[in-house]
Amino acid sequence: MRSVSLSRFLIDEQWQKHAIPSDLRLLVEVVARAIKAISINVGKGALAGVLGDAGSGNVQGEAQKKLDVIANEILLEANEWGGHLAAMASEEMEGPHAIPHRFPKGEYLLLFDPLDGSSNIDVNVSVGTIFSVLRCPEGVDPTSEQAFLQPGTAQVCAGFAVFGPSTVLVLTMGQGVHAFTLDREVGSFVLTREDIRIPEDTKEFAINMSNQRHWESPVQRYIGELLAGKSGPRGTDFNMRWVASMVADVYRILTRGGIFMYPRDTKEPGKAGRLRLMYEANPMAMIIEQAGGGATTGRERILDVQPTALHQRIAVYLGSKNEVDRVTGYHQG
Ligand code: AFP
């Protein structure tokens, strides 16, 4: 089989299909290069002394891991000088990051969660990087929060990498979802799955069951029915998986279907969920929808939510369409 590198794939998208402009191609190439560098650091683990806490906290008040800080620095540095970005925003930083004056500027905004699932680093379980690309609106200061507060439907590209047994980059530019595996010897991403489709039905669900007592009644009802299995109203047994790295859970769903849930709960009533709209929910919702799945907050389509803050949190239900529709229906009922 002819092997297609990410660069070749992107060139085809630009020149043969006229699906992306050249500066978006450059942007994706640069993000992919940064992801390779993060993958190398993650892979070295204890040998490079990169495990453990950084001794600092991020804007969310969460303890940062050393690799959270390293991954954030790699993404910032790689994307500052290419001339394709107007500004960046990171889950690890309070406000938008301006492109230094000495470098050219472009029209895109890049958002990222540099190391998703970082509580898994020290136990050697998969982690990843999530990113999303928006266009900077005309006449708006790109370093203002306002520039970034666009609904998920405005994303021009979204992707994530999983650093697992192999490093896989999942990408959408609005015309299907494709996966590229890092060939570590050659140092390049190679197309390994084209036009990924998620099965509409599933018997596998992912949720942190330890929060059950804090859930709202529609979630209690839905999960109760799944747990009741064959003898319950669904008449069939369901299986559960929870990696606690959204990248790994979503990659599993892209591979064999499933539903991923992080509901709003009453544990911390001030927070409208655990996951971040701009860095996790929106990019994953675009990818899942592009692969034929569903993605809602339980009440509305995630991609339609008008953000009100850069670090806004939100409830997330995504994956196989028929299950997402069912649990969303329970909320509406
Ligand atoms: P961390 O990056 O702080 O580990 O958070 C990961 C995450 O945002 C998402 O990737 C997981 O699905 C979820 O949180 C795990 O949450 P629990 O700690 O409740 O399992």
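The ligand takes up the space of the largest pocket (an open set of points on a 1 Å grid over the protein atoms alone, where a 1.4 Å probe fits, with protein on both sides within 12 Å along at least five of seven lines). Keep in mind that this is a predicted model, with local features needing pLDDT of at least 70 and side-chain atom pairs pLDDT 80 or more, while totals for linings use all residues. Numbering runs from 1 along each chain, and side-chain values use heavy atoms, without hydrogens or water.

So who's around the ligand? The shell holds 16 residues, with G117, N208, M246, Y262 and R274 the closest (a heavy atom within 4 Å counts as near). Domain 1 (6-193) and domain 2 (204-332) each supply at least three of the shell residues, the bounds coming from an automatic or database assignment.

| Residue | Distance to a ligand oxygen |
|---|---|
| Y262 | 2.5 Å |
| R274 | 2.8 Å |
| W242 | 3.0 Å |

On its own the ligand has 480 Å² of accessible area, and the protein covers 85% of that (Shrake-Rupley, 1.4 Å probe).

Notes
A polar contact is a pair of N or O atoms within 3.5 Å; within protein, one must be able to donate a hydrogen and the other to accept it, and residues adjacent in sequence count only if both atoms are side-chain atoms. On a 1 Å grid over the protein atoms alone, a cavity is a set of points where a 1.4 Å probe fits but cannot get out, and a pocket is an open set with protein on both sides within 12 Å along at least five of seven lines; lining residues have an atom within 4 Å of a point. A molecule sits in a cavity or pocket if more than half of its atoms lie within 2 Å of its grid points.
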